[in-house]
Every structure is written in C-alpha cells, then in structure tokens.
Amino acid sequence: MQITEIYKSLQGESTHAGLACIFVRLTGCNLRCSWCDSEYTFHGGRRMSQEEVYDEVKRLSPSGGLVEITGGEPMLQEREVVPLMEQLLQGGYRVLLETSGERPLERVPAEVVKIVDVKCPDSGEGETFRMANLNTLTRQDELKFVVSSRADYEFARDFTCEHNLAQRVNAVLFSPAFRKDAAGARDSSHCLIDPQELAEWILADDAPARLGLQLHKFIWNPALKGV
Ligand code: SF4
C-alpha cells in the first residue's frame, strides 16, 4: 500500500484523545476539504507491503496499544488496508480508522473503531458522506463534524438529530476547524470558529454532541507534521 508516514504520537482527537497512538497515514485522498491540514498526503509516499507496515508498528509499539489508520483517505486502498487492520487486531492492537465515510465501510472489521468525519457544507465537500454507511455504525464508533461556520454547526446539529446519531454511536463530536496555514502560537486563535462560540451554540440547543478540540494543535506548533 502507499504510505505517507508511520509515527508515534499522542492521539489528538476523538474520545481517545491524550493516549499514545501509532499513526499509519496512507497516501491519497479523493476529497479536497477547504481547511485540509493533510494536503501533503495527496501525492508521493512510498510503497510498503502489509508486513513492512505491521513490522514498523510493532517496532514503534511492541506491546500492543492504539493504532490509527488515517490519511488522506485510507479506504481508497481498501483491498490492502482491510487485511492490515485484521492483522493488527490479531496482533492485539486496538485499531481506529479515520475516514470521511465517502467510501463503503461494510468490509471494515467489526472490532475496528470507525471515526467518521462527515463533511459539513463549508468544507466544500458537503454531501459526500455515503448514507448507506450509517448502517455500518456501531456503539463503539464515533462521528465527527468539523465546523467552520454557523451554517456548518446547523448542518451538524440537524444531521445528528435527524439520524438519531447520539443513540447509535459512542460519541458525536463537533470540532472547530483549524486554519490550514496555522503556525506559531499553540492556541485557539487559529480556529476558523471560536470554540467558545461553538460551545455556546451546543449549550443553547442542548445539541447531543461533545465539543472536540484538536489536542495536538495545542501541544505542538500547529505547523508541525508527524506529531
Ligand atoms: S478528507 Fe481528510 S485528507 Fe481528504 S481533503 Fe478532507 S481533510 Fe484532507
């Protein structure tokens, strides 16, 4: 499979935020979100076999732990990434899959925690979520909405309520979008929407969601990759 990078860091998002995690970042994406901070994954990377990827994960975290399969869009390489996830599960790893949900998710192993990033309108990639994927979600999965405007918030709130998502998954996360050219200060000044404003909207509506902040952007310089 085509791999951009494999590294160890702290998980920055989801209910697993703050835990040590090995990130396996696959190359390539079929979307172009306006605030994407992973454009360096669109091209390049290097070809690695399933065994080479597994061995690298094992080298970085020999005694198991958390592994996130991410990208880019990892499910574009479904044929190779599904057997990798199976091998990681068999090896005792807890596996997270970060995906836009644009590709089918039926073949993702049941034990994998799916973190599905449903695109809001101002990402420029609204309506790319494959609605049939709602049927693949389980109580261990998580849905994330990256919010950069009031319109995005209203979309996320209404989509969550219409599809009863809070009852179907472990967590529904509303996360302020980060400026993609953010650098320097490690604070919320780089957010495209003030986290305080988003928090107040959630509270005012009793929206069934939790506020998610990208922890890694507050720990390391937001311009750094591979953290
Ligand atoms: S789906 Fe992810 S990697 Fe692809 S453009 Fe959007 S944010 Fe970037």
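1. Aromatic pairs number 10 in this structure; rings of Phe, Tyr and Trp (its six-membered ring) pair if their centres lie within 6.5 Å, with planes under 30 degrees apart counted as stacked, over 60 as edge-to-face and the rest as tilted. The model is predicted: local features need pLDDT of at least 70, side-chain atom pairs count only at pLDDT 80 or more, and totals for chains, interfaces and linings use all residues. Residues are numbered from 1 along each chain as its sequence is written, and side-chain values use heavy atoms, leaving out hydrogens and water.

2. The pair Y153 and W201 is tilted, because the ring centres are 5.3 Å apart and the planes stand at 40 degrees. Y153 belongs to helix α3 and W201 to helix α5, so the pair ties together parts 48 residues apart in sequence; helices are DSSP runs (H or I, at least four residues). Y153 is buried at 0% relative accessibility, and W201 is buried at 14% (buried: under 20% relative accessible area; exposed: over 50%; partly exposed: in between; 1.4 Å probe, protein chains only).

3. F155 and F159 both lie in helix α3, four residues apart, about one turn of the helix. Their rings also form a tilted pair, with centres 5.5 Å apart and planes at 35 degrees. F155 is partly exposed at 25%, whereas F159 is buried at 9%.

4. One aromatic cluster comprises F129, F145, Y153, F155, F159, F174 and W201. The charged end of R150 sits over the ring of W201, 4.9 Å from its centre (the criterion: NZ of Lys or CZ of Arg within 6 Å of the ring centre and within 35 degrees of the ring normal).

Technical notes
Helices (H or I, at least four residues) and strands (E, at least two) are DSSP runs, numbered from the N terminus.
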